[in-house]
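Student: Please show me the structure, so that the terms applied to the model can be examined against their definitions.

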Amino acid sequence: MYKVKVYITLRESVLDPQGAAVQQSLHSLTYNEVSDVRVGKYIELTIKDTDRDLDQLVKEMCEKLLANTVIEAYRYDVEEVITQ
């Protein structure tokens, strides 16, 4: 079994209005040290053991459903879960 952590962010070339709103709110709370905020998504998947190529499987899921690859970039980490 595997735990896959998927991190999805807007591409650098895409404006992030939600990030700008968070930055403005932080500044209004006197956290003026914050110079930029980018908001993204974090998704955890638990995947049963499979004969399929795990990297290819996760890439397919990201590109078909989890991320809008036109405006978003993604990366992921895979951990093997040891069950007893």
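Student: In what order do the three strands form the open sheet, and in which sense is the pairing?

Tutor: The order is 2-1-3, and the pairing is antiparallel. This is a predicted model, in which local features need pLDDT of at least 70, side-chain atom pairs count only at pLDDT 80 or more, and totals for chains, interfaces and linings use all residues. Residues are numbered from 1 along each chain as its sequence is written, and side-chain values use heavy atoms, with hydrogens and water left out. Strands are DSSP runs of E, at least two residues, numbered from the N terminus.

Student: What makes strand 1 and strand 3 a pair?

Tutor: Two strands pair if DSSP finds at least two bridges between them. Strand 1 (residues 2-10) and strand 3 are joined antiparallel over nine bridges, one of which sets Tyr7 against Arg75 in strand 3. Strand 1 and strand 2 pair over eight bridges, and Lys5 stands opposite Glu44 in strand 2.

Student: Why is Glu72 called buried?

Tutor: Buried means under 20% relative accessible area, exposed over 50%, and partly exposed in between (1.4 Å probe, protein chains only). Glu72 has 12% relative accessibility and therefore counts as buried. Glu72 lies in strand 3.

Student: Which residues does Glu72 contact, leaving aside its neighbours within four places in sequence?

Tutor: Contact means heavy atoms within 4.5 Å. On that basis Glu72 is in contact with Ile8, Thr9, Leu10, Arg11, Lys41, Leu66 and Ala67.

Definitions and conventions. Helix = DSSP H or I, 4+ residues; strand = E, 2+ residues; numbered from the N terminus.
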